[in-house]
Amino acid sequence: MQTFKKNISIKLNNTPFLIEGNNKNIEDTISIILKSLKGDFGISDPVIKVLGLNPHAGDGGYIGTEEREIISPVIESLKKRDQKIIGPLSADTAFIEKGTDIKADAFLAMFHDQGLPVIKTSNFGEIVNVTLGLPFVRTSVDHGTAYDKS
């Protein structure tokens with residue numbers, strides 16, 4: 001699922017791929033985002049910021065090692081192929097881009113509730129979800145169905 005509001009884009013991972021330590025899924029997800037940003041949205045040289053799984057992106061291994069063992073190797077591999085991938089970043093500050101020279105075209109959140117609260121808090125009701133990687137365009141509203149009935 002890709003969520004868009006103006007120039008903010010968050011890719012949410014709705015599968016628990018990190019638990020299995022499978023970095024191929026991360027690479028595949030980033031490839032889908034890159035393909036969509038280039039082909040569907042006309043961004044010729046996209047920048048993707050990747051969030052870490054653990055608080056403070058593992059804090060150098062003190063809180064968790066998934067960033068160092070799984071996420072970082074994927075990012076480094078993609079950088080060697082001239083992709084502009086930044087991370088893993090701490091989710092609590094990754095979306096604050098004031099004072100940074102590099103603005104993200106997309107963010108990859110490691111799980112659903114890591115990315116959605118940020119964008120829903122700031123833009124609820126104005127967001128469009130786009131499912132990427134399908135052979136057709138699939139969109140939905142940002143609040144799911146029957147929000148007024150829940």
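Predicted model: local features only at pLDDT ≥ 70, side-chain atom pairs only at ≥ 80, totals over all residues.
Where is the place of Asp 82?

**The whole protein**

Display the protein as a cartoon. Its secondary structure comes to 3 helices and 7 strands, and along the sequence these follow the pattern β-β-α-β-α-β-β-α-β-β. Now colour the residues by accessibility: of the 150 residues in the protein, 39% are buried. Consider next the contacts between residues at least 6 apart in sequence; 61% of these join residues at least 24 apart.

**Stop 1: helix α1**

Select residues 23–39, which form helix α1. The helix has 17 residues, and the distance from its first C-alpha to its last is 24 Å, close to the 24 Å expected at 1.5 Å a residue. Within this selection, show the side chains of Ile 26, Thr 29, Ile 30, Ile 33, Leu 34, Ser 36 and Leu 37, which are the buried residues of α1. They lie on the same side of α1, because they cover an arc of only 170 degrees around the axis. Turn the view to the face of α1 directed away from the buried side, where the exposed residues Lys 35 and Gly 39 are found.

**Stop 2: salt bridges**

Side chains of opposite charge can pair when their charged atoms come close.

Select Lys 24 and Asp 28. Their side chains form a salt bridge, with 3.0 Å from N to O. Both residues belong to helix α1 and stand 4 residues apart, about one turn of the helix. Asp 28 is partly exposed, with a relative accessible area of 31%.

Select Arg 81 and Glu 27 next. Here the side chains meet in a salt bridge with an N to O distance of 2.6 Å. Arg 81 lies in the loop between α2 and β4, while Glu 27 is in helix α1, so this pair ties together parts that are 54 residues apart in sequence. Arg 81 is partly exposed at 44% relative accessibility, and Glu 27 is partly exposed as well, with a relative accessible area of 23%.

Proceed to Glu 97 and Lys 49, whose side chains form a salt bridge of 2.8 Å, N to O. Glu 97 is in the loop between β4 and β5 (106–109) and Lys 49 is in strand β3, so the pair ties together parts 48 residues apart in sequence. Both Glu 97 and Lys 49 are buried.

**Stop 3**

Select Glu 67, in helix α2.

**Stop 4: backbone features**

Most residues other than glycine have a negative phi, and most peptide bonds are trans. The following selections depart from this pattern.

The peptide bond from Gly 87 to Pro 88 is cis, with omega near -5 degrees. Pro 88 is placed in strand β4 (residues 84–89).

Then select Asp 59, in the loop between β3 (47–51) and α2 (66–79). Asp 59 is not a glycine, yet its phi is positive, at about 50 degrees. Its relative accessible area is 43%, and Asp 59 is partly exposed.

The opening question may now be answered: Asp 82 is in the loop between α2 and β4. The phi of Asp 82 is near 65 degrees, again a positive value in a residue other than glycine. With 66% relative accessibility, Asp 82 counts as exposed.

**Stop 5: the aromatic pair**

Finally, select Phe 95 and Phe 107. The structure holds 1 aromatic pair. The ring centres of Phe 95 and Phe 107 are 4.5 Å apart and the planes meet at 45 degrees, so the pair is tilted. Phe 95 lies in the loop between β4 and β5 and Phe 107 in strand β5, 12 residues apart, and the pair thus links distant parts of the chain. Both Phe 95 and Phe 107 are buried.

Terms used: Residues numbered from 1 in each chain as written. Heavy atoms only, no water. Helix = DSSP H or I, 4+ residues; strand = E, 2+ residues; numbered from the N terminus. Expected span 1.5 Å × (residues − 1). Buried < 20%, exposed > 50% of the residue type's maximum accessible area, 1.4 Å probe, protein only. Arc of directions from axis to C-beta. Salt bridge = Lys/Arg side-chain N within 4 Å of Asp/Glu carboxyl O. Phe/Tyr/Trp six-rings, centres within 6.5 Å; stacked < 30°, edge-to-face > 60°. Contact = heavy atoms within 4.5 Å.
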